[in-house]
Amino acid sequence: MDENKRLGRTYVQAWARLDTIKAHYGNYYIPTVAAIETKMKTITQDSSFVFDIQGTNPGENLKEHEIDTTIFDLLDYKISGVGVIGSLLNQYSNGITTGTDQDISNSKNGTLTFLWPTDASLPNTISWKDANKAIGAYKKSGVTAEFNFRIIDGLQVHVAPQARVQYGLYTATSITPLKIWSAEAYVQHTIN
């Protein structure tokens, strides 16, 4: 909080546990991290009157991916069928979006989602008690979202930072993953 108790920021650190997913599903699925969703929201009616999320860091930075099939089409003249492979790859890659998706349209409940984040999993050898240190100080893995907020008149506010992970599960023959969300992890606390 600033010295006037009106502007502040909080960090939400989150990570996946691919070791746990691999142990649960065995060799049938190849797990990946499809998304990590972080949220900051008020949890009481009186808090929502005086609390507004102003922005996030990182902000919205979406990238859509598309495969250029020109090389496949050129190779198709020499090796029949390569053009079909290029068309299939293009079809499955179009619409794949990476980066960060920010939603602060409701200023009482801001969301920052990391889509297909790299290095987003912590190994099971790092306990949850040491996870914040691993992500923050050691830059091991995981994601960190910063939420910037305003509190009217510096009043006390009850909030709950939250996070959940979407795992993408591939089989040996699948091109697109089965996606499942974890339960939300959250911590309720008071800002004053």
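Figure 1. Because its relative accessibility is 26%, Trp116 counts as partly exposed (buried means under 20% relative accessible area, exposed over 50%, and partly exposed in between, with a 1.4 Å probe and protein chains only). This residue lies in the loop between β6 (109–115) and α5 (128–136), where helices (H or I, at least four residues) and strands (E, at least two) are DSSP runs numbered from the N terminus. Although Trp116 is not a glycine, its phi is positive, at about 50 degrees. Asp119, in the loop between β6 and α5, is likewise not a glycine and has a positive phi of about 50 degrees; with a relative accessibility of 51%, Asp119 counts as exposed. The model is a predicted one, in which local features need pLDDT of at least 70 and side-chain atom pairs count only at pLDDT 80 or more, while totals for chains, interfaces and linings use all residues. Residues are numbered from 1 along each chain as its sequence is written, and side-chain values use heavy atoms, with hydrogens and water left out.

Figure 2. Ser141 is buried, with a relative accessible area of 6%. A polar atom of the Ser141 side chain lies 2.6 Å from the backbone oxygen of Ser121, a polar contact being a pair of N or O atoms within 3.5 Å, of which, within protein, one must be able to donate a hydrogen and the other to accept it, and for which residues adjacent in sequence count only if both atoms are side-chain atoms. Apart from neighbours within four places in sequence, Ser141 is in contact (heavy atoms within 4.5 Å) with Asp119, Ala120, Ser121, Leu122 and Ile135.

**Figure 3. Aromatic pairs.** The whole structure contains 3 aromatic pairs, defined for rings of Phe, Tyr and Trp (its six-membered ring) whose centres lie within 6.5 Å, with planes under 30 degrees apart counted as stacked, over 60 as edge-to-face and the rest as tilted. Tyr25 and Tyr29 form an edge-to-face pair, at 5.3 Å centre to centre and with 90 degrees between the planes, and Tyr25, Tyr28 and Tyr29 form one aromatic cluster. The pair of Phe51 and Phe149 is tilted, with 5.5 Å centre to centre and 35 degrees between the planes; it links distant parts of the chain, since Phe51 belongs to strand β3 (residues 51–57) and Phe149 to strand β7 (residues 143–151), 98 residues apart. Both Phe51 and Phe149 are buried.

**Figure 4. Strand β3 and its pairing with β7.** The strands β3 and β7 pair in the antiparallel sense over 6 bridges (two strands pair if DSSP finds at least two bridges between them), and Asp52 stands opposite Arg150 in β7. Strand β3 is mostly covered, with 5 of its 7 residues buried. The peptide bond from Asn57 to Pro58 is cis, with omega near 0 degrees, and Pro58 lies in the loop between β3 and β4 (61–65).

**Figure 5. Nonpolar cores.** The largest nonpolar core has 27 residues, and those with the most contacts inside it are Val33, Ile36, Met40, Phe51, Phe147 and Ile151; such a core is a set of buried Ala, Val, Leu, Ile, Met, Phe, Trp, Tyr and Cys residues joined through side-chain atoms within 4.5 Å. To this core β8 gives the most, with 6 residues. A second, separate core of 5 residues includes Ile126, Ala131, Ala134 and Ile135.
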